[in-house]
Protein chains: 2
Amino acid sequence: MPADRAPTRIQRKNRAAILEAALDVFSSHGFRGSTVDQIAKAAGLSKPNLLYYFPSKEAIFNELMAGLLDTWLDPLRALNPDGEPLEEILAYVQRKLQMSRDFPRESRLYANEIVQGAPRLHDVIASDLYVLVEEKAQLLQGWMDAGRINRAHPKHLLFSIWSLTQHYADFDAQVRTLMGDEDPFDAAPKYLETLYRRMLTPES
Amino acid sequence: MPADRAPTRIQRKNRAAILEAALDVFSSHGFRGSTVDQIAKAAGLSKPNLLYYFPSKEAIFNELMAGLLDTWLDPLRALNPDGEPLEEILAYVQRKLQMSRDFPRESRLYANEIVQGAPRLHDVIASDLYVLVEEKAQLLQGWMDAGRINRAHPKHLLFSIWSLTQHYADFDAQVRTLMGDEDPFDAAPKYLETLYRRMLTPES
DNA sequence: CTTTGATTTGACCAACTGGTCAAACTCACG
DNA sequence: CGTGAGTTTGACCAGTTGGTCAAATCAAAG
């Protein structure tokens, strides 16, 4: 194990390679479906060498998750109370959609965990995410009460945004097969903009 | 292995118990994350006894999947070309939502597979489901061309219905944690009806 | 070049996994 | 009750898995 001095050049490179490889492997096979050997090989290391940098398979996974969650929630945090409501929400949707296109492995890693009951994530969902959702749900509710967007259950509104955007990453295999030659991300931005614009634009 | 005579009473009972147990285990741990022993114990059998009824772990999984896919696609098949378009679509949404509430394990089993790249399902998606989606996408397109519902990319419309409804089963762990005491399925039907009604009702 | 700490690896281990098999047990039926 | 087919199981096996360890190799500072 490296001492807790400042990391050497080799340590930085190898730890990064391991996390990158682990993201690939974990996101496509889930935690139990992935083997340390797979990750090591994908990172270009031997298994004992990998375990020289991380104490266990679970430690790799946890570090990956910790790093992921922050960036994952950033778009929601960025929802600006002082902005124009409809445009804020539409921008949030597009940001989330872009993340599905640019970081599909992260999305699938998260999905894998939640589908299996969030055994390793329950705590952070019940604390950090819960608080954030409460806050943003109240913001949405305020906008609705002020008549600036159409009424809808604010939490379900958030769920629907997550669901619709992450679907393109999580169900990528299905979506691409059914779309044939057409790239799903060509029409998706416009489809989702239309959907939320029609749903949320205040009625006259 | 039982001969291919008519199944005995014991065979029927045990095979059913195995499939029920397998649905539980596979849907919460994925294929690779599940062990034959787990399934056997959940079915109240010993491992060799379970393997007396099914030749392998994969055989159990395949039988489960085959049984699932048919019922899974039935609601979409039921989309009636001769019905009132908006009501047909809304009814489809509600049917799918009910399936998420009543058969969440089936939904998660399916999600697990697709998230991991649909290795065992690619063929049936590329054939049966592809054909069905093409047919129903054309039906939707026809309704739009006739001005009976608002325009939107028909395939993305289908994806959004799947995504929004299955989310309540697949991300159940997250949704329930964030909703607190409130049952997600209380407000979900109305939320989704509102969403699709606003989006699809033809503009004057 | 030497030394010292960082890095890498082959060999190994115990636990677990999917699956087999012969022997034992149970049950329906004559 | 006996008998043969249907059912169940303990013991076992080979392959895989996460993880360890001592020994070997490498890199950089003196």
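Buried area here is the accessible area (1.4 Å probe) lost by two parts on being put together, summed over both. The model is predicted: local features need pLDDT of at least 70, side-chain atom pairs count only at pLDDT 80 or more, and totals for chains, interfaces and linings use all residues. Residues are numbered from 1 along each chain as its sequence is written, chains are lettered from A and ligands numbered from 1 in the order in which they are written, and side-chain values use heavy atoms, with hydrogens and water left out.

**View 1. The contact between the domains of chain A.** Domain 1 covers residues 1-55 and domain 2 covers residues 65-200 of chain A; such bounds come from an automatic or database domain assignment. Seven residues from domain 1 of chain A and seven residues from domain 2 of chain A take part in the contact, where contact means heavy atoms within 4.5 Å. The C-alpha centres of domain 1 of chain A and domain 2 of chain A are 30 Å apart. Leu23(A), Ser27(A) and Phe31(A) supply 69% of the area that domain 1 of chain A buries against domain 2 of chain A, more than any other three residues.

**View 2. The fold of chain A as a whole.** Chain A contains ten helices and zero strands. Helices (H or I, at least four residues) and strands (E, at least two) are DSSP runs, numbered from the N terminus. The C-alpha trace of chain A spans about 65 × 40 × 30 Å along its principal axes. Of its 204 residues, 52% count as buried; buried means under 20% relative accessible area, exposed over 50%, and partly exposed in between (1.4 Å probe, protein chains only). Among contacts in chain A between residues at least 6 apart in sequence, 68% join residues at least 24 apart.

**View 3. Surroundings of Ser107(A).** Ser107(A) sits in helix H6 (residues 104-115) of chain A. Its relative accessible area is 0%, so Ser107(A) is buried. Apart from neighbours within four places in sequence, Ser107(A) contacts Trp72(A), Ser100(A), Gln166(A), Ala169(A) and Asp170(A).

**View 4. Helix H9 of chain A.** In H9 (residues 172-179) of chain A, the buried residues include Gln174(A), Val175(A), Thr177(A), Leu178(A) and Met179(A). The buried residues of H9(A) pack against helix H8 (154-170) and helix H10 (184-200) of chain A, and also against helix H6 (104-115), helix H7 (122-145) and H8 of chain B.

**View 5. Ala118 in each chain.** Most residues other than glycine have a negative phi. Ala118(A), although not a glycine, has a positive phi of about 55°, and Ala118(B) likewise has a positive phi of about 55°. Ala118(A) is in the loop between H6 and helix H7 (122-145) of chain A, and Ala118(B) is in the loop between H6 and H7 of chain B. Ala118(A) counts as buried because its relative accessibility is 1%; Ala118(B) counts as buried because its relative accessibility is 2%.

**View 6. Surroundings of Thr165(B).** Thr165(B) lies in helix H8 (residues 154-170) of chain B. With 0% relative accessibility, Thr165(B) counts as buried. Not counting residues up to four places away in sequence, Thr165(B) touches Val93(B), Lys96(B), Leu97(B), Ser100(B) and Leu192(B). Thr165(B) and Leu192(B) are 27 residues apart along the chain, and their C-alpha atoms are separated by 8.4 Å.
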